[in-house]
Amino acid sequence: MNSFRPPDNVDTRVGYDSESVASDGGDAPLDGGAGSLAIEVLNRRLHDQQFYTRSLIESSIDALMTTDTKGIIVDVNQQMVDLTGRTRDELIGAPCRNFFTDPARADAAIARVLTQDRINDFELTVRSLDGTETVMSYNAATLRDRERMVRGVFAAARDVTESKRLERALVERNLKLEQAKIARAEYVARAKVDLLTPLRAVVESSEALRTGVDGALSEAQQQRVDVICSDSKHLQSLLSDLIGMSKVETGLVDFDFQDVDVCGLLAASATAVDQSGEPKISMTVDVSDGVGLFPVDASNVQQILAVMLSNATVASTGGDVKVSARIVDLSAVGEFDGTRPHWSFPIPPSDYKEFLEIRVADHGVGLSVEDLPTVFRPLRHGESNSSWKSIGNGIGLAMVKLLVELQDGTLGVQGALGEGATFAVWLPRRALETPAAAEAPVPTVSSTAESSESEAHGPLQADGRTGDALLEHASQELITAANRDSDVDLQGLGEDVASVIEPSETSVALVVEDDEKSAKLVRLLLEAEGFRVIAAQSGEVALELARRTPINLITLDVQLPGMDGWKFLVKLHDSPELASIPVVVIAGLADMSMALNRGASAVLEKPLRRADLQHSLTLLELRPDPAHTRCILVVDDDLATIDQVYSYLEQPAYRVQSASTGAEAINNALTLKPDLVLINLMMEELAGFKIVRALQEHAATKHIPVLAMSSGQLTNEEQDTIDSDPGQPVVAMKKPDFNREALLAEIKRAFD
């Protein structure tokens with residue numbers, strides 16, 4: 001453990017002045033021996049306190065480091081020494097940026113702390129003396145002295161290399177699972193053709209034989225053909241259901257949630273069920289008041305009801321089958337009325353508070369207690385203890401379970417032998433997206449435009465071979481711009497922007513797309529949203545550009561030469577410097593689910609629509625807000641006043657920063673470039689007047705409007721002081737009149 005070592009120019013020993021040290025009993029000075037003993041005791045206590053403090057620092061499991069405001073290391077603990085492989089003397093006095101793989105990112109971290117007072121979970125990679133690289137997660141805050149002046153930065157770092165490795169392994173495993181899911185979906189699609197097509201021919205041929213199309217059959221032949229016909233139809237139905245269930249299991253099901261009249265939906269489903277069997281049953285629909293319209297996928301709910309109502313009809317021994325619906329809150333999900341045993345699946349975690357409950361109840365043979373947990377398993381014929389045997393394939397209820405769970409709902413069953421059964425599903429009330437009323441529809445490409453453009457640049461077809469599916473909903477201006485040879489060079493533009501040293505206030509988007517026309521279309525859409533766009537035709541080039549250029553957004557086409565989009569996402573999230581960049585994947589329908597699981601921030605379906613892009617940018621907080629957020633710098637040594645201003649000026653209209661000293665105020669004004677400075681003139685030692693003069697004299701701040709607060713009417717001399725520069729408007733308001741309305745009015749007047 002290192003002992004505490006104060007700066008060389010500081011003497012920590014306690015001095016002795018015999019005239020200032022008095023004995024306990026009076027005012028007489030201590031003699032030399034007693035005074036030396038007292039000084040020795042004080043020095044020992046100081047040494048013990050310093051040793052205790054240093055012990056706490058060295059006991060931390062995190063690597064600790066303090067720097068000055070320029071990033072020069074002032075102190076470290078032993079964990080930091082071990083992490084870097086350098087001695088304490090080698091670290092202290094050196095720029096902290098020297099020990100990271102990305103010095104510019106380290107500088108940015110220091111700057112962010114000085115600007116924002118703190119940062120959390122900021123990842124940097126430390127390179128030790130032997131070349132070992134360790135990914136660290138930093139939490140840092142500013143260090144202030146007794147006058148609240150910023151003196152440096154205190155940073156604590158924890159090794160997250162292992163967690164990053166596990167995260168990458170999880171990403172890769174999920175990628176393999178998604179790829180397997182896609183492969184399964186493709187296999188199911190092929191199986192539907194390879195199995196059902198010849199089986200359909202068998203069914204048709206056997207049916208022709210059975211009906212005597214090719215001549216009369218003997219009695220024995222007729223019996224055999226009847227069996228073939230019956231079993232082949234059953235097999236065809238079973239395979240169709242299994243293939244349908246396999247598709248649902250992959251999760252590649254499109255839901256179209258719309259507000260639907262629940263009563264009408266239940267009545268239509270009940271009418272569609274075959275009730276021609278024996279014994280005769282009646283079917284009733286009961287929808288509680290207040291249900292009305294509910295956001296569901298009507299076709300999927302009808303599929304669910306078809307299974308539940310058919311099963312109830314078959315199981316019923318007479319009486320009626322009742323289908324009911326009502327609205328329940330989260331606490332009632334999975335609950336049943338009455339004393340019969342029941343089984344419900346747990347509701348998946350979500351923010352939904354209200355659910356549509358649909359129940360189908362019959363008065364049939366019922367279910368045993370042992371059957372309740374297993375009734376939704378597929379192909380369970382022969383396992384049931386109940387006297388009812390379904391005439392179906394044993395797939396229906398399993399399909400219902402999958403469909404309900406894919407919609408973030410749950411289901412359950414209640415029943416007992418001889419007492420009938422009640423099946424129930426609960427579907428959440430979800431918020432439906434409402435299209436922007438003010439946005440005009442985007443025109444599609446006209447045939448005339450296509451023919452005229454195709455003569456010079458080839459046909460614009462959404463066939464997937466040239467990537468021009470993106471063009472389907474583009475405006476004619478975008479089509480023309482995307483087709484002609486514009487001044488945008490995919491590779492050259494990326495390199496030009498990457499070479500810019502001075503950062504721009506404009507957000508930068510990286511378009512990763514190998515098709516030139518599609519890349520230009522995305523560029524035009526992003527430029528319309530205020531982005532500066534660079535482009536890359538491969539994942540390798542995109543990674544290099546992202547490392548060299550500050551990027552705010554990446555749009556990604558997954559079908560790329562060489563490194564495809566999936567590998568690019570893994571590489572991106574594996575890099576601490578790049579993992580935080582939001583990625584919008586532009587993909588076909590089959591890849592959309594996979595993209596979200598791969599870590600994409602958003603997925604847009606081809607063909608790309610401007611409204612969809614704008615919606616995603618808004619969700620990612622990357623689309624400029626029409627109302628400009630005003631930055632207000634509040635300068636006051638009264639914390640209560642600062643808190644009051646924070647409560648008055650609400651986001652997103654205002655962003656409030658504060659300073660309590662003159663130096664801090666000037667530094668924040670230079671760094672933040674606020675839209676207005678709100679200052680208390682009556683700070684200690686008239687610091688408010690001095691700050692106003694300093695702001696007026698500095699070229700970078702003299703244009704900023706100043707709103708000054710005073711406890712009373714300003715004298716002529718004070719008014720002349722703050723009005724000394726006619727180029728900087730200063731408005732004074734009395735602090736006793738300070739309230740929300742008055743402040744907002746003065747701020748509005750200052751901006752006007």
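Asp-557 is buried, with a relative accessible area of 4%. Buried means under 20% relative accessible area, exposed over 50%, and partly exposed in between (1.4 Å probe, protein chains only). The model is predicted: local features need pLDDT of at least 70, side-chain atom pairs need 80 or more, and totals for chains, interfaces and linings use all residues. Numbering starts from 1 along each chain as its sequence is written, and side-chain values use heavy atoms, without hydrogens or water.

Asp-557 carries a record. An unreviewed UniProt entry annotates this residue as "modified residue: 4-aspartylphosphate". Such annotations use the numbering given here, with shortened feature names, and may be inferred rather than shown by experiment. Asp-557 belongs to strand 16, which spans residues 553-557. What does Asp-557 touch, leaving aside residues up to four places away in sequence? Its contacts are Val-512, Glu-513, Asp-514, Gly-565, Ile-586 and Lys-606. A contact means heavy atoms within 4.5 Å.

Now step back to the whole protein. It has 22 helices and 23 strands. These are DSSP runs, numbered from the N terminus: helices are H or I of at least four residues, strands are E of at least two. Of the 752 residues, 42% count as buried. Among contacts with a separation of 6 or more, 67% join residues 24 or more positions apart. The accessible surface comes to about 39,800 Å², and carbon and sulfur atoms hold 52% of that. Areas come from the Shrake-Rupley method with a 1.4 Å probe; for residues, only the protein chains shown count as cover.

Strand 1 (residues 63-68) runs antiparallel to strand 2, and three bridges join them. Two strands pair if DSSP finds at least two bridges between them. Thr-67 stands opposite Ile-73 of strand 2.

Ser-137 sits in strand 4, residues 133-144. Is Ser-137 buried or exposed? At 13% relative accessibility, Ser-137 counts as buried. Beyond residues up to four places away in sequence, Ser-137 touches Asp-121, Phe-122, Glu-123, Ala-156, Ala-157, Arg-158 and Val-160.

Eight bridges link strand 9 (residues 320-329) and strand 11 (residues 354-361) in the antiparallel sense. Lys-322 faces Ala-361 in strand 11.

Why is strand 12 described as largely enclosed by the rest of the structure? Six of its six residues are buried, so strand 12 is largely enclosed. In a regular strand, side chains alternate between the two faces of the sheet. In strand 12 both faces are covered: Thr-410, Gly-412 and Gln-414 are buried on one side, Leu-411, Val-413 and Gly-415 on the other. Strand 12 runs antiparallel to strand 10, with three bridges, and Trp-343 has Val-413 as its bridge partner. Six bridges join strand 12 to strand 13, again antiparallel. Gly-412 stands opposite Ala-424 there. Strands 12 and 13 form a hairpin with five residues between them, and Gly-418 in the turn has a positive phi of about 80°.

Helix 9 is mostly covered too, with eight of its eleven residues buried. Among them are Leu-397, Met-399, Val-400 and Leu-403. Asp-408 follows helix 9 and has a positive phi, near 65°.
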